[in-house]
Amino acid sequence: MNQPLAISPVQQYLERLHAELQTVSAGEIASYIPELTRADPDWLGIALVTVDGHVYQVGDSRQPFTVQSISKAVSYGLALEDRGLDAVLSKVGVEPTGEAFNSISLEPDTGRPLNPMINAGAIATTGLIEHEDGVDPLQHLLEAFRRYCGRELSIDEAVYRSESETGHRNRAIAHLLYGHGILDRRPEEVVDLYFRQCSMLVTARDLALMGACLANGGVNPVSGIVALKSDWVHRVLSIMSTCGMYDFSGGWIFNVGMPAKSGVGGGIMAVLPGQFGLGVFSPRLDDKGNSVRGIRVCERVSRDFGLHMF
Ligand code: DON
């Protein structure tokens, strides 16, 4: 006799949560990069990937959007692999700023950005990505994303151009970093790579899988490929815990209790080490640049299952 297919409790839970949070309409789409205003404010995608490779997804979980600042977690891991800890620490610190993501938080004497999750620190980090011996840094970065996501990512050219045409503050930051000797490549070149890195197209499913790689000691649980060498995973997760949600990082770790990284495209990647990666996409942001419904989803998952790490 044919049995109806059973829907897993996790899938049922995510579907209920999606339906409930779909009604939340607070927040505004980011407009300082003009092209981002083309997003549908109602999009809501949720995906969860476990360390044993189960994938759960609901809503707009396959809708592409630009990764933006979530890329900073990937580039930081790559810079650590390429240059080693001391070289990276000599150019970028590990202290939270309590300030906005575009703040110019540099140490007064050295010009070293306080951490790699603010724009200044991320631009410095991108400047550290391997570019010697004929290695194209963009291809090197795309290759890292491919290991995390298990597929080739592309760049949203319209968003890239839009940010490139309007990103004067990031250009100024890159020049300051160059002036301080934090960048040793031309600022225009580094900031261009940074804009491309932020314009890579991902889905909520990709974010969940990226998070699952970090939850799984750096190994992609679906492909078995090493996305990030295990030596560096705890460093990336530590920075996400203290600095991943900008000037909401304290409130986030207090309430949700998982390392996470957000982006102004509306994505959040959260990680429960040893358990799963959670990816949420919803483009309406709060005044700190974090997805309103993305935060709500993560708060609920953490609370409903008692997943706070501490
Ligand atoms: O540098 C910028 O302004 C963007 N490309 C990325 C910023 C971002 O995603 C901050 N996120 N909340």
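**View 1. Five strands make an open sheet in the order β2-β1-β7-β6-β5, with antiparallel pairing.** This is a predicted model, where local features need pLDDT of at least 70, side-chain atom pairs count only at pLDDT 80 or more, and totals for chains, interfaces and linings use all residues. Residues are numbered from 1 along each chain as its sequence is written. β2 (55–59) and β5 (260–262) sit at the edges with a single partner strand each, so one side of each has no neighbour in the sheet. From one strand to the next, the twist averages 10°. Strands here are DSSP runs of E, at least two residues, and helices are runs of H or I, at least four, numbered from the N terminus; two strands pair if DSSP finds at least two bridges between them.

**View 2. β1 (residues 45–50) pairs with β7 (residues 276–281) in the antiparallel sense over six bridges.** Look for Val 49, which stands opposite Gly 277 in β7.

**View 3. Asn 119 belongs to helix α4 (residues 119–126).** UniProt, in an unreviewed entry, lists Asn 119 among its "binding site" positions; such annotations may be inferred rather than shown by experiment. Asn 119 is buried, with 24 other C-beta atoms within 10 Å (buried means 20 or more, with C-beta atoms placed from the backbone). Beyond four places in sequence, Asn 119 is in contact (C-beta atoms within 7 Å) with Phe 101, Asn 102, Asn 170 and Ile 173.

**View 4. Tyr 246 lies in the loop between α10 (230–243) and α11 (249–255).**

Definitions and conventions:
Buried ≥ 20, exposed ≤ 12 C-beta atoms within 10 Å, placed from the backbone. Contact = placed C-beta atoms within 7 Å. Axes fitted to C-alpha atoms, helices over the stretch in contact; angles between N-to-C directions.
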